[in-house]
Amino acid sequence: MSIFPLVLVKPRLWRSGLSHDVLTLICHGALVYVVDRRAVVDQATEEALRLRKMVDGNPNLKQKLGLERSLLISTLRGQYVDNREWLDDPAAPAIIVGTMDMIGSRLLFEGYGVSRKMRPYHAGLLGADALVVLDEAHLVPPFEHLLRAIEKYFAPSATVPQFRLLSLSATGRTRSDNVFGLTKDDLEHPAVKKRLDARKSLRIKQLDKNTKLEDALAKHAWELAKEDKQAVRLLVYSDSREVAQKTKEAVEKLAEGGKKASKPAVEIDTELFVGGRRVFEREQAKERLKTLGFMAGSRIERSRPTLLFATSAGEVGVDLDADHMVCDLVAWERMVQRLGRVNRRGESAAKVIVLVEPKPKADEKERKLLEGHEKKVCEWENRQKPIRELRKNDDGSFDASPGALLDLKTRASTDEGLRKTIEGATTPEPLRPALTRPLVEAWAMTSLEKHPGRPAIQPWLRGWIKDDPPQTAVVWRKYLPVRTGSKPPMKKEVEAFFEAAPPHLSEILETETFRVVDWIVKRAKRVSEQANKRRGAFEERMKELSEDSKYTFSKPAY
């Protein structure tokens with residue numbers, strides 16, 4: 001779900017006098033759109049650009065909104081990396097788009113990539129006169145709680161416009177707050193009804209202990225691709241990047257056919273969509289998805305099957321749309337997101353196959369830790385239960401349409417047992433620290449390089465996640481404060497260099513530390529092998545020349 005389609009209808013509502021307050025919130029300050037997926041930021045920014053074009057084309061609306069120039073748009077991550085438009089005129093309405101880390105770090109005076117001198121400005125401009133829209137809020141409960149605490153306890157005085165929060169989620173956790181959802185009139189609208197009733201037949205397939213997940217994903221994906229006579233778009237999800245890569249390779253091998261089995265080769269298109277990419281690479285992937293027809297609403301003529309292999313990077317925010325889907329079983333809120341990426345417009349009949357790996361067995365270490373094994377088994381069982389609570393189609397498959405999911409959620413609101421079933425299949429909220437005034441005051445002392453009461457902000461953004469792999473940011477830059485053949489630069493010189501030219505978002509790739517270590521080790525090995533190869537070739541050539549009487553060599557003088 002995106003805030004921008006909601007905003008686009010507000011000029012129409014304005015005439016009926018229903019949305020004056022909401023428009024005032026948006027257009028007399030900053031609309032800060034936050035999503036915890038880097039790949040989604042560019043897409044959201046494009047929606048903002050369309051909104052700006054619409055406003056620019058309506059002088060009457062532009063006057064009502066008090067805009068003397070075009071709406072300011074800045075992106076703190078993605079293709080439209082921070083153009084600083086939102087800092088040019090703090091009083092002008094602006095749309096700011098960014099990830100949770102980029103927005104959250106600025107709110108807590110620790111702006112990633114922001115100099116210490118500028119951090120208070122960023123915190124002040126985002127913390128007042130702003131409507132923060134947190135999309136897919138269910139992904140980051142600690143961050144949502146942080147924003148609520150800022151809104152409730154750290155709001156500016158009455159003389160300063162307030163900081164407000166609007167959380168968006170199709171799979172939101174139970175909240176006691178007021179929830180804005182579909183109304184009775186909405187449910188009767190033809191377009192809404194068409195999408196809610198979009199046909200999605202879901203079947204569960206249990207794997208045996210000898211079958212590898214990547215082989216099973218490839219097998220079922222290939223069968224669906226061959227079964228449909230049309231050139232289908234097939235989405236294959238897996239929880240692991242390695243599994244996604246191996247599944248892609250397995251499908252490509254199946255498409256090659258085989259002379260022994262007299263299987264002809266089949267032309268297919270494939271694409272891998274995973275996280276941990278730089279801006280340039282994400283742009284390439286987005287254009288590739290458009291070309292292959294996976295972006296919702298695209299009208300691309302396809303002549304052969306097209307398969308997209310994705311991890312969690314393709315679950316949230318990205319407006320993907322496929323004809324069929326094969327996936328492994330993950331937590332319930334993620335399953336709902338995956339189901340939303342198939343037959344989005346309700347224009348066909350989608351088939352969904354969910355592969356369930358064998359019941360976990362305790363290894364030698366886990367036998368000693370019985371509690372850990374029991375937790376795995378419990379998770380394995382709980383994740384299947386909500387699917388089995390869905391209503392069934394005539395053919396025995398489960399109805400996974402948005403309407404069926406909405407019906408399940410509605411029933412859970414009055415059925416305590418069903419509510420606990422869904423809760424048991426949902427990822428538990430991580431523990432999080434409280435936000436206190438002394439902490440905020442310590443973070444605000446940005447003129448001090450070090451402060452004993454200023455802890456790292458990550459737990460306030462994401463909470464304490466057990467076994468969460470450490471992350472490393474890699475920066476690609478040609479010019480660095482390094483001298484060749486002279487004394488190394490002093491600490492003050494290095495700090496001054498990066499103060500003047502801090503790492504730009506387009507230069508940075510953030511991914512798991514173990515991947516970075518693996519890349520560096522492989523790179524060092526490759527460079528060493530190439531150097532040895534060149535040295536060997538040089539020594540061999542020198543030996544040949546020394547044996548030739550036409551050449552004489554003398555020992556160089558030092």
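**Close-up 1. Thr446 sits in the loop between helices α21 (437-444) and α22 (458-462).** Keep in mind that this is a predicted model. Is Thr446 buried or exposed? With a relative accessible area of 9%, Thr446 counts as buried, because the cut-off for that word is under 20%. And which residues does Thr446 touch, once those up to four places away in sequence are left out? Its contacts are Phe109, Arg116, Arg119, Pro120 and Arg454.

**Close-up 2. Trp443 and Trp460 form an edge-to-face aromatic pair.** To picture any such pair, you look at how far apart the ring centres are and at the angle of the planes. The count for this model comes to two aromatic pairs. In the pair made by Trp443 and Trp460, the rings are 5.1 Å apart, centre to centre, with 90° between the planes. Trp443 belongs to helix α21 and Trp460 to helix α22, so their pairing ties together parts that are 17 residues apart in sequence. Both Trp443 and Trp460 are buried.

**Close-up 3. Phe497 and Phe498 form an aromatic pair, and this one is edge-to-face.** Here the centre-to-centre distance is 5.1 Å, and there are 85° between the planes. How does Phe497 sort out, buried, exposed or partly exposed? Phe497 is partly exposed, at a relative accessible area of 26%. Phe498 is partly exposed too, with a value of 30%.

Definitions and conventions. Residues numbered from 1 in each chain as written. Predicted model: local features only at pLDDT ≥ 70, side-chain atom pairs only at ≥ 80, totals over all residues. Heavy atoms only, no water. Helix = DSSP H or I, 4+ residues; strand = E, 2+ residues; numbered from the N terminus. Buried < 20%, exposed > 50% of the residue type's maximum accessible area, 1.4 Å probe, protein only. Contact = heavy atoms within 4.5 Å. Phe/Tyr/Trp six-rings, centres within 6.5 Å; stacked < 30°, edge-to-face > 60°.
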